[in-house]
Amino acid sequence: MLSPTTNTDRVRVPARLLLMGDVTSSGETVLGVSAGVATPRGKVEVSLSKGEHGRIAVWNAATIIVVRRSAAVPVENRGADEIPLSDRLPTFHELATFDAGKAWDRLSPEQQRAIGMLALRFGTVGQCEGYFHETIEGVRKGFNSCHWTPQVQDMAVWPRLHIQLVASAAQSAFQNLCDHFDPLWPQLFGWQTRKEVK
């Protein structure tokens with residue numbers, strides 16, 4: 001995930017990093033963002049107002065929102081200690097030198113099991129997205145299918161509804177994996193030890 005970028009007074013930020021006073025592209029003003037007990041995992045509750053009308057929206061915490069911000073502070077000018085660990089984004093150096101083995105060792109067995117199951121689902125269902133087509137011609141023109149035997153190519157001809165369901169399941173598996181990782185970043189990047197992570 002890339003850090004928020006600033007373009008004059010327009011800022012692209014994940015929903016979890018919205019600030020009070022931000023104005024969305026629909027003209028609504030952000031009154032507050034919370035991830036309360038009733039909010040589903042990986043989601044945030046955003047209070048919005050436009051004129052005299054107000055509403056509550058529940059968005060994925062990682063969804064990128066373009067907002068107008070009167071005094072946007074570039075991310076590179078903010079000190080890491082000014083940002084709560086739950087909202088902090090990794091630096092380029094942290095991403096470029098990320099050691100998956102060390103990060104895995106920082107996780108508890110329960111966390112390893114949960115991530116492992118999500119990764120298996122995404123690796124299995126997600127990898128199959130794009131392999132199936134409605135016609136044999138579509139299969140033969142499709143991604144990576146030229147080396148398949150004719151029997152395997154025949155197996156990749158599916159009804160449109162099934163293809164759409166697999167694509168939806170693949171996207172859902174990817175989103176579930178991403179949503180699960182966000183709260184673990186302080187632990188995965190070593191910003192705090194396992195005992196301090198709740």
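Are D22 and R69 buried or exposed? In this predicted model, both D22 and R69 are buried. The two residues form a salt bridge in which the closest N and O atoms lie 2.6 Å apart. This pair links distant parts of the chain, 47 residues apart: D22 sits in the loop between strand 2 (10-14) and strand 3, while R69 sits in the loop between strand 7 (64-68) and helix 1 (92-96).

The count of salt bridges comes to 3, which leaves the other pairs to be described. R55 forms a salt bridge with E28, and here the closest N and O atoms are 2.7 Å apart. R55 belongs to strand 6 (residues 53-60) and E28 to the loop between strand 3 and strand 4 (29-34), so this bridge ties together parts that are 27 residues apart in sequence. E28, at 11% relative accessibility, counts as buried because its value is under 20%.

E134 and R160 also meet through their side chains in a salt bridge, at 3.2 Å from N to O. Here too the pair links distant parts of the chain, 26 residues apart. E134 is in the loop between helix 3 (109-128) and helix 4 (136-141), and R160 is in helix 6 (residues 160-181). E134 is partly exposed, with a relative accessible area of 43%.

Strand 3 deserves a brief look of its own. T24 is found in this strand, which covers residues 23-24. The relative accessibility of T24 is 5%, so T24 counts as buried. Leaving aside neighbours within four places in sequence, T24 is in contact with V30, L48, I65, V66 and V67.

Attention now turns to the nonpolar interior. In soluble globular proteins, nonpolar side chains tend to be buried together. The largest nonpolar core of this model holds 23 residues, of which L18, V46 and W59 touch the most other members. Strand 2, strand 5 (43-50), strand 6, strand 7 and helix 7 (185-188) are the elements that give two or more residues to this core. Strand 5 gives the most, with 3 residues. Not counting residues up to four places away in sequence, W59 touches A15, L18, G42, K43, V44, V46, L48 and I65.

With 22 residues, helix 6 reaches 32 Å from its first C-alpha to its last, close to the 32 Å expected at 1.5 Å a residue. Which residues of helix 6 are buried? They are V166, A169, A170, A173, L177, D179 and H180. The buried residues of this helix pack against strand 6 and helix 3.

Cysteines complete the picture. A disulfide is a covalent bond between the sulfur atoms of two cysteines. In this model the count of disulfides comes to 0. C128, at 29% relative accessibility, counts as partly exposed, and C178 likewise counts as partly exposed, at 26%.

Note on methods:
Residues numbered from 1 in each chain as written. Predicted model: local features only at pLDDT ≥ 70, side-chain atom pairs only at ≥ 80, totals over all residues. Heavy atoms only, no water. Helix = DSSP H or I, 4+ residues; strand = E, 2+ residues; numbered from the N terminus. Buried < 20%, exposed > 50% of the residue type's maximum accessible area, 1.4 Å probe, protein only. Contact = heavy atoms within 4.5 Å. Salt bridge = Lys/Arg side-chain N within 4 Å of Asp/Glu carboxyl O. Core = buried A, V, L, I, M, F, W, Y, C linked by side-chain atoms within 4.5 Å. Disulfide = S-S within 2.5 Å. Expected span 1.5 Å × (residues − 1).
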